[in-house]
Amino acid sequence: MIITGKYPNLRLRRNRKSDWIRRLTQENNFSADDLILPIFLVDGKNKKIQIKTMPDVYRFTVDKLTSIVDEAINNKIPMIALFPYTNPKLKDNTGSESLNENNLVCKALRYIKKRYKNEIGLMSDVALDPYTSHGHDGLLKKGKILNDETVDLLVKQSLLQAEMGCDVIAPSDMMDGRIGKIRKALDKNNLENVQILSYAVKYASNFYGPFRDAVGAKNILKGDKKTYQMDFRNREEALREVSLDIKEGADMIIVKPGLPYLDVIKEVKDNFKIPVIAYQVSGEYSIILTGIKNKIINENTILETLISFKRAGANAIITYFANKIAKNLKK
Ligand code: PBG
């Protein structure tokens, strides 16, 4: 880079002297178009249940979804992501509830698609962890997570969700080879327009705690997810994961968690010209919001974190702050 000039001729503070010049020279900005809102689902009627570890986040019964979906649409948020809290009685060793066409996600997909048509995009996770009695994303046998047997189930789960009206299938399981198999099955079943948003770069992170609480997988998880989710010491491996998923047919990819992995977002974006979505995960959300509620930091912190994802190269952000921030942007 060539620096054309030096102090005192050059004073970088001149371009920061007023709000108007800061606005004029800003390199990144943020709008509601950059947001994806996660929504948690629960069985029952007419209920909205506060999640203990996630301030201001609720589990909704399907009949109550209109309140939050209307809000997202009014706020011009392009897509929502659905996550189920499965009744513990329905969980088993193989996560069979994931293939029940009347499970929570399927019911919600049908309900929202029928009511809202194409007004908002629908994304749903493909993985077994909300449905298994051991809390893992895959089939567990003799202490090991089986890869190919899990992929067979994920393909079925993807087809089911796509048939129920899901627009964007998001495999979050980190099994090898699942993107290619899912793409092939979708195409074979006339579902070639259903997109795949791959959680290509998903770290075995300590920041997922509140989410596991939200989907009821926290206290039942046996061991950890380190044999399939990535080691947080690694960066190059992220590029290998992304390149494989692109070859297998991913339309977009996720880097997850968010803030501790800005370097990875930038590296992926610099190397692959594909939409990159950052996931600001539950632990990040709860820490920031608790800080705000306790007046340790102020509310602008949220925007600062979201802009940092854009600066690193993300096209959009999955965040539990989506409605809150989109509402503020309208003002
Ligand atoms: C499940 C899944 C997880 C998250 C999204 N999908 C948790 C996990 O892998 O244990 C985490 C999201 C969050 O923490 O906000 N496959």
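View 1. Glu149 is partly exposed, with a relative accessible area of 42%, where partly exposed lies between buried (under 20% relative accessible area) and exposed (over 50%), judged with a 1.4 Å probe and protein chains only. This residue sits in helix 4, which covers residues 147–163; helices are DSSP runs of H or I with at least four residues, strands are DSSP runs of E with at least two, and both are numbered from the N terminus. Together with Asp148, Asp152 and Asp176, Glu149 forms a negative surface patch. Patches are made of residues with over 30% relative accessible area and no salt bridge, with like charges joined within 9 Å and nonpolar side chains (Val, Leu, Ile, Met, Phe, Trp, Tyr) within 5 Å; a salt bridge is a side-chain nitrogen of Lys or Arg within 4 Å of a carboxyl oxygen of Asp or Glu.

The model shown in these views is predicted, so local features need pLDDT of at least 70 and side-chain atom pairs count only at pLDDT 80 or more, while totals for chains, interfaces and linings use all residues. Residues are numbered from 1 along each chain as its sequence is written, and side-chain values use heavy atoms, leaving out hydrogens and water.

View 2. Strand 1 (residues 35–42) is mostly covered, since 8 of its 8 residues are buried. In a regular strand the side chains alternate between the two faces of the sheet. Here both faces are covered, with Leu35, Leu37, Ile39 and Leu41 buried on one side and Ile36, Pro38, Phe40 and Val42 buried on the other. Strand 1 pairs with strand 4 (residues 79–85) in the parallel sense over 7 bridges, and Pro38 has Ala81 as its bridge partner there; two strands count as paired if DSSP finds at least two bridges between them. Strand 12 (residues 316–319) also runs parallel to strand 1 and is joined to it by 2 bridges, with Ile36 opposite Ile318. A parallel pairing with strand 3 (residues 58–60) likewise has 2 bridges, and in strand 3 Arg59 stands opposite Phe40.

**View 3. Leu10 in a nonpolar surface patch.** Leu10 lies in the segment before helix 1 (19–24) and, at 34% relative accessibility, counts as partly exposed. With Met1, Ile3 and Leu12, this leucine makes a nonpolar surface patch of about 530 Å².

Technical notes. Areas by Shrake-Rupley, 256 points an atom, 1.4 Å probe, with all protein chains shown as cover. Lys, Arg positive; Asp, Glu negative; His and termini not counted. Charge placed at Lys NZ, Arg CZ, Asp CG, Glu CD.
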